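This report concerns a single protein model. Please consult the sequence and the coordinates alongside the text.

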Amino acid sequence: MADKEGNIDAKDFGIGIPQKSEHFFLKGNANVDWGMKDRLSRIFNPKSGHSVMLAFDHGFIMGPTSGLERMDLTIVPLIEYSDCIMCTRGALRSIVPPTCCKPISYRFDAGTSILTDLNDQCLQDIEEAVRLNVSMLAVMVAVGDPNHEGITVRNLSKTVDMGVRYGIPTLGVTAVGKNLVRDARYLGLATRICAENGAQVIKTYFCEEKFEQVTNACPVPIVIAGGKKLPEAEALQMAWRAIDQGASGVDMGRNIFQAEAPIGMIKAVRMIVHDGATPEQAYDFYQTWKNENK
């Protein structure tokens with residue numbers, strides 16, 4: 001308790017100077033709670049408004065895919081160059097150092113694997129997410145899947161409710177199955193459904209035509225999924241085109257950890273996402289880094 005004596009009388013009240021109210025930098029999230037804004041500000045760089053997310057949650061449906069056989073050897077060295085990591089609780093507890101101090105986009109649903117029909121998902125316990133101090137809850141939504149669309153949209157809605165209660169934003173992840181297409185019409189529908197159901201951030205795929213229509217019609221930030229492994233020059237070109245057409249970041253996995261020089265690749269992606277580099281500049285940096293660090 002403060003002493004009653006010896007205090008200096010208050011006198012600097014800033015009369016005539018209005019208090020500034022900072023406008024939140026991230027699209028569509030000006031009215032969310034303080035805790036949610038704090039978490040979003042760790043995922044997205046407030047200066048660039050963008051994020052480089054490193055995804056290595058593939059094992060929860062694909063097992064030890066190439067590059068993820070020994071995550072302690074392949075993923076841990078990459079974490080420091082990311083803005084956010086996207087992973088499962090198993091990977092988080094087993095290989096991610098608690099001292100890495102990176103925000104976590106947490107795979108909050110679980111379900112069927114590549115051996116069966118995908119998208120039959122259930123949700124985890126929100127208390128587990130709180131225990132792990134995660135910054136975002138990632139939930140897959142299978143728009144257009146006749147068997148699982150309703151299940152996954154309900155999962156998203158429940159996750160948003162729990163996230164709002166605890167100040168944790170939700171990442172709606174649009175699924176693309178064998179019967180669904182990656183065009184602007186479908187991606188526009190899927191991303192809008194996720195946003196309309198309350199997701200604060202959306203993860204979806206880039207499409208070759210009219211991607212700017214997808215980002216402009218979505219009232220919250222979109223980050224693109226890297227998808228299948230591409231040649232490094234093509235992956236950097238895709239990242240640049242996505243950012244140029246309104247994406248707020250990239251969430252890449254295989255296009256980073258399966259690259260010939262993964263550290264050089266994630267640094268090149270950062271140049272595009274945060275520094276405005278062209279894909280040619282980023283690829284030239286990647287080639288130089290790879291040759292100098294063989």
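The sections below treat the basis of the model, its helices, selected residues and its aromatic rings.

## Basis of the model

The model is predicted; local features require pLDDT of at least 70, side-chain atom pairs count only at pLDDT 80 or more, and totals for chains, interfaces and linings use all residues. Residues are numbered from 1 along each chain as its sequence is written, and side-chain values use heavy atoms, with hydrogens and water left out.

## Helices α7 and α8

Helices (H or I, at least four residues) and strands (E, at least two) are DSSP runs, numbered from the N terminus. Helix α7 (149–166) has 18 residues and reaches 26 Å from its first C-alpha to its last, close to the expected 26 Å at 1.5 Å a residue. That expected span is 1.5 Å times one less than the number of residues in the helix. The buried residues of α7 are Thr152, Val153, Asn155, Leu156, Thr159, Val160, Met162 and Gly163, where buried means under 20% relative accessible area, exposed over 50% and partly exposed in between (1.4 Å probe, protein chains only). These buried residues pack against α1 (34–43), β5 (121–123), α6 (126–131), β6, β7 and α8; contact here means heavy atoms within 4.5 Å. Gly167, which follows α7, has a positive phi near 75 degrees.

Helix α8 (residues 184–196) has 13 residues and spans 17 Å between its first and last C-alpha, close to the 18 Å expected at 1.5 Å a residue. Its buried residues include Ala184, Tyr186, Leu187 and Gly188, as well as Ala190, Thr191, Cys194 and Ala195. Among the elements that cover them are α7, the strands β6 (136–141) and β8 (201–204), and helix α9 (211–217). After α8 comes Gly198, again with a positive phi, near 110 degrees.

## Crossing of α10 and α13

The axes of α10 and helix α13 (residues 279–292) come within 9 Å and cross at roughly 140 degrees. Axes are lines fitted to C-alpha atoms, for helices over the stretch in contact, and angles run from 0 to 180 degrees between N-to-C directions. The α10 side of the meeting consists of Glu232, Ala233, Leu236, Gln237 and Trp240, and these meet Pro279, Glu280, Ala282, Tyr283 and Tyr286 in α13.

Gln287 is also placed in α13 and is partly exposed, with a relative accessible area of 25%. Gln287 and Asp12 are 275 residues apart in sequence and 57 Å apart in space, C-alpha to C-alpha.

## Two buried loop residues

Gln245 belongs to the loop between α10 (232–244) and β10 (249–252). Gln245 counts as buried because its relative accessibility is 16%. Beyond its neighbours within four places in sequence, Gln245 is in contact with Phe206, Phe211, Glu212 and Thr215.

Leu68 lies in the loop between α2 (59–62) and α3 (71–74) and is buried, with a relative accessible area of 6%. Residues up to four places away aside, Leu68 touches Phe56, His58, Gly59, Thr74, Ile75 and Phe257. Leu68 and Gln258, 190 residues apart in sequence, lie 8.9 Å apart in space, C-alpha to C-alpha.

## Aromatic rings

Rings of Phe, Tyr and Trp (its six-membered ring) pair if their centres lie within 6.5 Å; planes under 30 degrees apart count as stacked, over 60 as edge-to-face and the rest as tilted. By this rule there are four aromatic pairs. One of them joins Phe24 and Phe25 in a tilted arrangement, 4.9 Å centre to centre with 50 degrees between the planes. Phe24 is buried at 8% relative accessible area, whereas Phe25 is partly exposed at 27%.

Arg182 lies over the face of Tyr205, at 3.7 Å from the ring centre. A charge sits over a ring if NZ of Lys or CZ of Arg is within 6 Å of the ring centre and within 35 degrees of the ring normal.
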